[in-house]
Amino acid sequence: MDRADSWARALRCSAGESEAPLDRRAGLSPAGAPWLVDYRLDPATGAAWRRRLRGRSWSLWRYRELLPLADFERRVDLGEGGTPLVPLYRSAPPEVTVWIKDEAGNPSGSFKDRGLSLAVNRARELGAGGVQLASAGNAALALSAYAAASGLPARVALPADTPETVARRCRAYGAEVLTAPGTLLDAARRLEDGDGRFWTLATFREPYRVEGKKTMLLEVAEQLDWTLPDWLVFPTGGGTGVVAMHKAFVELEGLGLVSGPPPRIAAVQMAGCAPLVRAYEEGRKRVTPWPDPETRAWGLRVPQSLGDRLVLAALEATGGAALAVPEERIEGMRRRLAQREGRLVGPEGAAAMLGLEALADRGLVSAGQRVVVFQTGHPANYGLA
Ligand SMILES: Cc1ncc(COP(=O)(O)O)c(C=O)c1O
């Protein structure tokens, strides 16, 4: 295998010392924890790498050295990443500079394309016979799209009350769609009796979705001319996005491209499903599964996370925050962003904006600071305007 394009070195257990090679299928580590990809990083090479980026196209693949593909030239590339960072014109708190990182323009309409692009490409490189996952919605769309382009059969399991557009579009990509009453955990059970041919690409159960998602922070750093904002405000379900962006910061630091404190990460969840917020407020290292998750910000309807320890550690390491926002304010915020900012956002993006308001109300964001709020998915994926 030619790994000349990538600085990826090995898989490293996120809860201990063990390592594993990159050239075989990886689930969880022997400690039962997620694997993370480890890179050879040299601060002396950062500046030259940054110059090399200039001639590359504006997609997540411009960061190929910090991605773990074995064969970069033969990748399946649907044009993921390279999303705009746009200023908030009329809705920012006084004297605070706010940008929206709008992920709606990704191939299947959400930031899930970043993670599943990497996960499906790696599954394909390592010989998967098919790919599957249970999803709150957008991950199913992303898996279906990348599987189609990779020539791999795809199977997705959705809670039965997921918006109908998701199932329809997954089928349009050629995926098999299963549904189950209840939550994501109930849907996941529908995938259990496979014959092993289909690899499960559930979040944190394989190491590559984090790698794709970390490109959000790499792009933000580059879009802000290699400076970083004070806050990253992220709508959080399982928390891969949070973990990934903190990992990206550590890697940029390892390359000598950023210094100083990391951006503080604010994880925003819905009041009707806020297991990470509750754990963070109570100073715990793991979450207690949320018993009856209820929210129409579908991507945030995640009662439990395999990566909970990593998410909570990332919030703590960055001096971050965890905020629960009320369901009944989502539609008003979506309207406000449409009518005051010219931007159609999904319920998760609206939740992140409500998170910014909560941060400002608590005095955690102040005049002169710079904030990036993530608008993670297109509302049309849920059949919304
Ligand atoms: C639109 C959207 N935003 C945010 C999230 C939560 O992302 P994460 O699992 O990285 O916390 C999801 C997950 O399904 C989503 O679909």
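A residue is counted as buried if 20 or more other C-beta atoms lie within 10 Å of its own. By this criterion, five of the five residues of strand S10 are buried in the predicted model, so S10 is largely enclosed by the rest of the structure. Trp 231, Val 233 and Pro 235 point one way from S10, whereas Leu 232 and Phe 234 point the other way. S10 pairs with strand S11 in the parallel sense, over five bridges. Within this pairing, Leu 232 has Ile 265 of S11 as its bridge partner.

The protein as a whole contains twelve helices and 13 strands. Its radius of gyration is 19 Å, close to the 21 Å given by the globule rule for 385 residues, so the protein is as compact as a globular protein of that length. The C-alpha trace spans about 55 × 55 × 40 Å along the principal axes. Of the 385 residues, 52% are buried. Among contacts between residues at least 6 apart in sequence, 72% join residues at least 24 apart.

The largest nonpolar core comprises 115 residues, of which Val 131, Leu 143 and Val 233 touch the most other members. Helix H3, formed by residues 138-150, gives the most to this core, with eight residues. At least three residues of the core are drawn from each of domain 1 (85-110 + 208-382) and domain 2 (112-200). Val 233 is also one of the residues that S10 directs to the side of Trp 231 and Pro 235. For Leu 143, the contacts beyond its neighbours within four places in sequence are with Leu 116, Val 120, Val 131, Leu 133, Ala 154, Val 156 and Leu 201.

Helix H12 covers residues 347-361 and has 15 residues. From its first C-alpha to its last it reaches 21 Å, close to the 21 Å expected at 1.5 Å a residue. Eleven of the 15 residues are buried, so H12 is largely enclosed by the rest of the structure. The buried residues include Pro 347, Glu 348 and Gly 349, the run of Ala 350, Ala 351 and Ala 352, and also Leu 356 and Leu 359. The buried residues of H12 pack against strands S5 (97-102), S10 (231-235), S11 (264-270), S12 (321-325) and S13 (370-375), as well as against helix H11 (330-341). Just after H12, Gly 363 adopts a positive phi of about 75 degrees.

Note on methods
Residues numbered from 1 in each chain as written. Predicted model: local features only at pLDDT ≥ 70, side-chain atom pairs only at ≥ 80, totals over all residues. Helix = DSSP H or I, 4+ residues; strand = E, 2+ residues; numbered from the N terminus. Expected span 1.5 Å × (residues − 1). Buried ≥ 20, exposed ≤ 12 C-beta atoms within 10 Å, placed from the backbone. Contact = placed C-beta atoms within 7 Å. Rg over C-alpha atoms; globule rule 2.2 N^0.38 Å. Core = buried A, V, L, I, M, F, W, Y, C linked by C-beta atoms within 7 Å. Domains from an automatic or database assignment. Pairing = 2+ DSSP bridges.
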